[in-house]
Amino acid sequence: MSTTTTASPNEAKLWGGGKSPFNLEYGKVMMWYFLMSDAFTFGAFLISYGTVRFSTNGWPDSNEVFRSFPFAPEGVHAPLVFVSIMTFILIVSSVTMVLAVHAGHNMDKKGVVRNMILTIIGGIAFLSCQAWEWNHLFHEGAWWGSNPFLNADGTASTTNFTNFFFTITGFHGFHVFSGVVINIIMLIMTLMDKFEQRGHYLMIEKAGLYWHFVDLVWVFVFTIFYLL
Amino acid sequence: MSHSHNADANHEANNAAVMAEIKKVTILLSVLTIVELILGFWMIGISSAALRLAIKGVIIILMMSKAFYIVAYFMHLKHEVKNMIMTIIVPLSLFVWFIAAFLWDGSSFKNLRNTYNPYFKEQATIKVEKKEAEHEAVKHEAVKHKSGAGEVKKKPADEKYY
């Protein structure tokens, strides 16, 4: 009781108008809420994967399925190597995005441009890796509705594994692709001095939130599909 | 004069703090990923189900801490107003129910099928040789196609038995 009476004057000041209660720009708040809804979409995908996996007796061994590497000879056994490179590419591009946002805070146009270019290169590198992996798996006979891999215990597997793999990594890859497109637009706007004219680089921060979310989703996809 | 100099110094100090934080989080994320990968490699040679489950648990904890560092520092959520943090975190806590309920449901469905569906249970015991399996699948397809073509002719013969 006493806490509410002491807190109410502050509360009234905070929500009484004239200032932003969340101390955040409108667009950033809305980006957060969009990302929250997107988190539920990805969550629904990954949880349905988990449900199906929990309701099935056998499941393919990811170390047998994802064991190849570009330019490596046929039949090479290198589990986790390629995907760990993909993971580090995305982490590094996330770091360059943070640096771009930080440069934007300081109104440092050169820093923003340099780090945005590095982030875009990282995104394109990740997409290229994924394209190679999809192509490789497709040539092994894996696709939606077709699963050439056996369960880890040597019993026959269903197509659930490949259906979920291509759907979820495809949905994530589509997010990476849109992130790269958004980052390219932000780079062009920076080069056209749009943000210098506005006096702030808030758009870079919003693009940054989206890009970090893409990295965040990969943390889950990578762990669930390749490690567990 | 001295005031603006002070503000500049503050700005410099703030800049250095932000850069130090970015560096710290980058190193943490890399180390966590490397530990995850080491555990992943280690798990390849382990057949004990209990130990595998324990490693998977550790990997999930590492995954959650990576997610925390990305959201808190890279997405800057930790430095936002508390009310803002709550409008994101509270709805996301729905995931606790979401994950528990659906995984439980999946595992229950497996148990029910293993109890009441002998075919489902049997499928999990029949091992297939990889090469042969592919071969068999191809042969099966071929037979299907042949019999599919001959089915129309066969049907009247089958009807004799009715």
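Predicted model: local features only at pLDDT ≥ 70, side-chain atom pairs only at ≥ 80, totals over all residues.
Select helix α8 of chain A, residues 202–227. Of its 26 residues, 22 are buried, so α8(A) is mostly covered (buried means 20 or more other C-beta atoms within 10 Å of the residue's own, with C-beta atoms placed from the backbone). Helices here are DSSP runs of H or I with at least four residues, numbered from the N terminus.

Residues are numbered from 1 along each chain as its sequence is written, and chains are lettered from A and ligands numbered from 1 in the order written.

Next, select α2 (residues 26–54) and α6 (residues 160–191) of chain A. Their axes, lines fitted to C-alpha atoms over the stretch in contact, are 10 Å apart at an angle of about 170°. The two helices are therefore roughly antiparallel (an angle over 145 degrees).

Show the side chains where they meet: A:F45, A:L46, A:Y49 and A:V52 from α2(A), against A:N160, A:F164, A:T167, A:I168 and A:F171 from α6(A).

Finally, display chain B: 41 residues of chain A are in contact with 44 of chain B (C-beta atoms, placed from the backbone, within 7 Å). On the chain A side, α2, α4 (81–105) and α8 each give two or more residues. The largest share, nine residues, comes from α2(A).

Definitions and conventions:
Expected span 1.5 Å × (residues − 1). Buried ≥ 20, exposed ≤ 12 C-beta atoms within 10 Å, placed from the backbone. Axes fitted to C-alpha atoms, helices over the stretch in contact; angles between N-to-C directions. Parallel < 35°, antiparallel > 145°, perpendicular 65-115°, else oblique. Contact = placed C-beta atoms within 7 Å.
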